[in-house]
Each structure stands twice: as C-alpha cells, then as structure tokens.
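Subject: Structure for your review

Dear colleague,

Please find below the structure that I am handing over to you. My notes on what was found in it follow directly after.

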Amino acid sequence: MACGSGDTCHTALAEASGVESEICSVYPIGNSIERKVHKALAYIGDTHMMHSTRSTSTLIDNIGYARPDIVHINNAHMDFFNLPLLADALIKMQIPTVITLSPDFPVMNHHPAIIKRNNYNRRLFNAMFSMWDLLFVVAPNESVAKTASNTFFDATPIYVIEQTDIQSMSSKYSMLFHNI
C-alpha cells in the first residue's frame, strides 16, 4: 500500500526464503526453527512476544540502516519478534511506530500457557506502552479498539481501520502515515 503511493517501503518477514518483491525491499529476520522455539517458550512461560531476540536484533539493525520515517508493525500477534526489545530500540531512535492489532494480539488475550504470568505481563506491557510516546495503534474494528483502550493503550491514540476493502484501507493507512 505504501509503495503504491510513491513511498519507499522496506518489509521484514519472519521467514522470507524465496520471497522477492519488485516494489519493496524484503528483509528476512528469522527462520522456522526460531519461530518454533519462540512458540514453545511462550507456551511454557506465558511470554508471548518476549523471545526471538536474534531475529529482533536483525530487524533493529535493518531499521537503523534504513532509518525509516515510520515503522509499521503488522501481525504483532505472531511468534517472531521480541516486542519489548523492539520497543526499546524504536523509543531510543525516536521513530514513530504504528502497530496494527488483531483480535489475537497476545497482551490483550489470555493465551494458553503452562505457567500463567498475567500480572507480570500486564505490568511489563503497561510500562512499555506508557513510555512509547511515538506509538499509534490501529484496530480492525471498534470492539478491538475498545479492548485495547481498556487494557494497555489507554493513553495511546487508537485508530479504527476496518479491514474490509483494500482500497479503503490503503487510503486510510496512507493518510495516517502522512499525518504522523
């Protein structure tokens, strides 16, 4: 969407083997083994989005090299990066960041885990999100926006961009990116 409006786009993918794009640079930042380890550790210790430090460090290096105007985190509910580590780096680099939530965003929903750490996770993510001045959140609908506002993003701007029509989404994201 960003490349279609004339902006330069860099995309980091958890597993990008064989993925090439003529419209944007693609950076592989992980592999299937790391994702499986991340998923297993998260299931054991209720630590979703707190592993994969190697792939997150690779992502941070790529961001530091590219120096983008905006970082857009999509599929944040997946098991391929360490959100606290990434947030710390983006806060220090002072890069505006958009996180597009899904209904499965781990810190808003209780995922199955052997050892439950709800209070610890809540404190960690509340502290992280409250320090992230240049964070903007996109929710796919009003229900997710309300849940996000009531859990961790009470002081963060939340925009609702319905994920129905690609053209409409594209123009709304473009407008958001250009107004940040």
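I begin with Thr156, which touches Phe129, Leu135, Phe136 and Val137, leaving aside residues up to four places away in sequence. Please bear in mind that this is a predicted model. Thr156 is found in the loop that runs between α5 (142-151) and β6 (158-160). Its relative accessibility is 12%, and because buried means under 20%, Thr156 counts as buried.

How many aromatic pairs does a search of the whole structure find? The search finds two.

Tyr173 counts as buried at 3% relative accessibility, and Phe177 is buried with a relative accessible area of 17%.

A further residue to look at is Asn62, in helix α2 (residues 53-66). Is Asn62 buried or exposed? With a relative accessible area of 19%, Asn62 is buried, because the cut-off is under 20%. Not counting residues up to four places away in sequence, Asn62 touches Tyr27 and Ile29. Asn62 and Ile29 are 33 residues apart along the chain, and their C-alpha atoms are separated by 9.1 Å.

Finally, some remarks on the chain as a whole. There are six helices and six strands, and along the sequence they follow the pattern β-β-α-α-β-α-β-α-β-α-β-α. Of the 180 residues in the chain, 41% are buried. Considering contacts between residues at least 6 apart in sequence, 64% join residues at least 24 apart; the contact between Asn62 and Ile29, 33 residues apart, is an example of such a pairing. The accessible surface of the chain comes to about 10000 Å², and carbon and sulfur atoms account for 53% of this surface.

Yours sincerely,
A colleague

Technical notes
Residues numbered from 1 in each chain as written. Predicted model: local features only at pLDDT ≥ 70, side-chain atom pairs only at ≥ 80, totals over all residues. Heavy atoms only, no water. Helix = DSSP H or I, 4+ residues; strand = E, 2+ residues; numbered from the N terminus. Buried < 20%, exposed > 50% of the residue type's maximum accessible area, 1.4 Å probe, protein only. Contact = heavy atoms within 4.5 Å. Phe/Tyr/Trp six-rings, centres within 6.5 Å; stacked < 30°, edge-to-face > 60°. Areas by Shrake-Rupley, 256 points an atom, 1.4 Å probe, with all protein chains shown as cover.
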